[in-house]
Amino acid sequence: MSDHPQSARRVRLEATNHEGSLLGKNVTLAKFDAGKESGFAFADILFAIDLSNEIVLGDAFPDWRGNIYDIHMVPDMATLVEWKPGLDSVIGDYWLKDGRPVPICPRNLVRRLVARLADHGYTATAAVEIEATLFEESVQEARKVGYRDLTPLGGSAGATYHVARSSDWVEYMEAVVDRLDSVGITWEAWTDEAAPGQTELNLAPTDPVTLCDGWARTRQIMREVAFQQGHTVSFMAKPTAGFGQGAHINISLQRDGVNQFFADDGPSELMEHAVGGLLATMEGATSIVLPQITSYRRLVDLTGPPTTVSWGVNNKTAAVRAITGHPKYSRLEYRLPGSDVNPYFALAAVLAGVLAGIERQIEPPAQVTDMAWCMPDDGIVKRIPDTMSKAGAALAADPLLREYLGDEFVDFWVASRRWEWMEFHTKGGDPFAELSQWESTRYFELP
């Protein structure tokens, strides 16, 4: 018996690649029903191409050697939704022919770390604040001008929390949240953000895998609504030479329904160990949560993103903000990721840091009680790696992330970032520009 409403005529199979792009394949209902348990063939080259569809020479994925064989995408039926009349969609994981998960499969990586937390009796709850920039022009118009000198949707005056936006802004965001409601993605709030045309959309707390699924789908919905209304939207870390945009991840741990990060007198011991692990792995995790060349252009003191490996209670200038004092809402806010991040890899990096801190009882450094921006790299508070090369080297040398994420993933990711660096420096990227044309062309529409 089919699991689909009678209106469905086809199903879109969905999963992200390493770059965070949502990939898909459309199949008939008969094809889906025949293969939903065994899985569907996807060419493994999806892990060996970059955002320009070029083959990454020197790819470190050990199962890809240029012969291009199939891996299997097995759908998770719990994610099946009606995307629109006539089309259902379902998210899945990548598996090897022998039944093992693909070691660099983004979704499986999160699932494995969630299971490791469960071994300690903890369940994680996570939420995300998604930032994006909206433009009046259609994507076709944006392409013609190289994604430059576009008009911010909603006007250029004011920033952060203003409601005096033109109706086109409101109509866009209302259409987005209506679509989220229709596919069962729970959101909590939206507002305008720091830059003209920029919005922040908050997804409600849920388990990490469900959050990542919703995050990936939300970006797709925001694109589709923009296309339908003749506008365009970008999740590029800096779509203009002005403000950048991020994706703050909030996380807490529960046991038997009780928030283990709460303590009457401030951070619980468990929260402090989680902070210790997040800071101990932050330099290496930077490579994962700031994935593209443009990601590092955000790291400017006093402009919003964290620039130091730091934490503090209710300190939004630090990389990790501890929210304490409430039995339900006590949590950690990981403020480093850019809006261009792969949702699954971002959660995996956070979970890896939390696990490392808990299992090794890592004590955090002293919290920063003043402004964490502009602090010198004096050996006490380190600066966050500010280039792709520095971050990649930190990840390659990080024994904790190697343990929790796996050597195969770390080696693969570092190799892919070296390729990205080489492409930028040999095919027209300008490291001295505020934002190069190469970056706009490569990143504006993806992931």
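**Exercise 1. Aromatic pairs**

Count the aromatic pairs in this structure, then describe the one formed by F409 and W413.

*Solution.* Step 1: the count comes to 11 aromatic pairs, where rings of Phe, Tyr and Trp (its six-membered ring) pair if their centres lie within 6.5 Å, and planes under 30 degrees apart count as stacked, over 60 as edge-to-face and the rest as tilted. Step 2: F409 and W413 are stacked, with 6.3 Å from centre to centre and 15° between the planes.

A word on the source: this is a predicted model, in which local features need pLDDT of at least 70 and side-chain atom pairs count only at pLDDT 80 or more, while totals for chains, interfaces and linings use all residues. Residues are numbered from 1 along each chain as its sequence is written, and side-chain values use heavy atoms, leaving out hydrogens and water.

Step 1: F409 and W413 are separated by about one helical turn, because they stand four residues apart in helix α11 (residues 407-426). Helices (H or I, at least four residues) and strands (E, at least two) are DSSP runs, numbered from the N terminus.

Step 2: F409 is buried at a relative accessible area of 2%, and W413 is buried at 1%. Here buried means under 20% relative accessible area, exposed over 50%, and partly exposed in between (1.4 Å probe, protein chains only).

**Exercise 2. A pair between two helices**

Work out how the rings of F424 and W438 are arranged, and which helices they link.

*Solution.* Step 1: the ring centres of F424 and W438 are 5.4 Å apart and their planes lie at 75°, so this pair is edge-to-face. Step 2: F424 belongs to helix α11 and W438 to helix α12 (residues 437-443), so that the pair links distant parts of the chain, 14 residues apart. Step 3: F424 is buried at 3% relative accessibility, and W438 is buried at 12%.

To finish with rings, look for the cluster that ring pairs make of F42, F47, Y94 and F412.

**Exercise 3. The sides of helix α4**

List the buried residues of helix α4, and decide where around the axis they lie.

*Solution.* Step 1: helix α4 (residues 167-183) has 17 residues and reaches 25 Å from its first C-alpha to its last, close to the expected 24 Å. The expected span is 1.5 Å times one less than the number of residues. Step 2: W169, Y172, M173, V176, V177, R179, L180 and V183 are the buried residues of α4. Step 3: they cover an arc of only 155° around the axis, which puts them on the same side of α4; the arc is that of the directions from the helix axis to the C-beta atoms.

Step 1: the packing partners of these buried residues include β7 (123-135) and α5 (208-229). Step 5: just after α4, G184 takes a positive phi of about 80°.

**Exercise 4. A buried threonine**

Locate T286 and name the residues it is in contact with beyond its neighbours within four places in sequence.

*Solution.* Step 1: T286 is found in helix α7 (residues 282-289). Step 2: T286 is buried, at 0% relative accessible area. Step 3: leaving aside neighbours within four places in sequence, T286 is in contact (heavy atoms within 4.5 Å) with Y296, L336, I384, P385 and A391.
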